[in-house]
Amino acid sequence: MPAPKMTDEQRAAALARAGEARRVRAELKQLLKTGSLTLEDVFERAEQDDLVAGIKVSALVVSMPHMGKVKARRLLEDLRIADNRRLRGLTERQRTDLLASF
């Protein structure tokens with residue numbers, strides 16, 4: 001699939017939006033890691049903010065205190081949440097189970 005034709009201004013705007021999304025997601029994961037933000041707060045923010053809603057659940061779980069990649073993978077397998085699932089794609093049961101895990 002060929003890349004869409006974009007003007008220099010459109011390309012610059014797209015790069016700025018992508019950079020902002022990465023910055024917001026990295027900041028959110030850092031706040032989770034330090035305990036300044038709870039998983040419930042993240043779910044609330046995801047309802048209003050598309051940048052937060054698009055983050056992968058596996059990346060969030062790894063960012064939780066005392067969680068590594070292996071523990072996170074096992075937890076997601078136990079809760080039957082796919083590795084590529086994003087916050088906006090979680091069912092209510094999955095959200096409830098994930099919150100109960102923490």
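How are H1 and H2 oriented to each other, roughly parallel or roughly antiparallel? In this predicted model, local features need pLDDT of at least 70 and side-chain atom pairs count only at pLDDT 80 or more, whereas totals for chains, interfaces and linings use all residues. Residues are numbered from 1 along each chain as its sequence is written, and side-chain values use heavy atoms, with hydrogens and water left out.

The axes of helix H1 (residues 8-34) and helix H2 (residues 39-48) cross at roughly 155° and come within 10 Å of each other, and the two helices are therefore roughly antiparallel. Here axes are lines fitted to C-alpha atoms, for helices over the stretch in contact, with angles running from 0 to 180 degrees between N-to-C directions; angles under 35 degrees count as roughly parallel, over 145 as roughly antiparallel, 65 to 115 as roughly perpendicular and the rest as oblique. Helices are DSSP runs (H or I, at least four residues), numbered from the N terminus. Leu28, Leu31 and Leu32 of H1 make the contact with Leu39, Val42 and Arg45 of H2, where contact means heavy atoms within 4.5 Å. Of the residues in this contact, five are nonpolar, none is polar and one is charged, with Ala, Val, Leu, Ile, Met, Phe, Trp, Tyr, Cys and Pro counted as nonpolar, Asp, Glu, Lys and Arg as charged, and the others, Gly among them, as polar.

H1 itself has 27 residues and reaches 39 Å from its first C-alpha to its last, close to the 39 Å expected at 1.5 Å a residue, the expected span being 1.5 Å times one less than the number of residues. Its buried residues (under 20% relative accessible area, with exposed over 50% and partly exposed in between; 1.4 Å probe, protein chains only) are Ala21, Val24, Leu28 and Leu32, and these pack against H2, H3 and H4. H1 is followed by Gly35, for which phi is positive, near 85°.

The largest nonpolar core comprises 24 residues, and those with the most contacts inside it are Val42, Val57, Leu60, Val61, Leu87 and Leu98; such a core is a set of buried Ala, Val, Leu, Ile, Met, Phe, Trp, Tyr and Cys residues joined through side-chain atoms within 4.5 Å. At least two residues of this core come from each of H1, H2, helix H3 (50-53), H4 and helix H5 (69-78), and H2 gives the most, with four residues. When neighbours within four places in sequence are left aside, Leu98 is in contact with Leu39, Phe43, Val57, Val61, Leu75, Leu79 and Leu90.

Positive phi values in residues other than glycine were found at His66, near 65°, and at Arg80, near 60°. His66 is located in the loop between H4 and H5 and is exposed, with a relative accessible area of 74%. Arg80 is located in the loop between H5 and helix H6 (92-101) and is exposed, with a relative accessible area of 71%.
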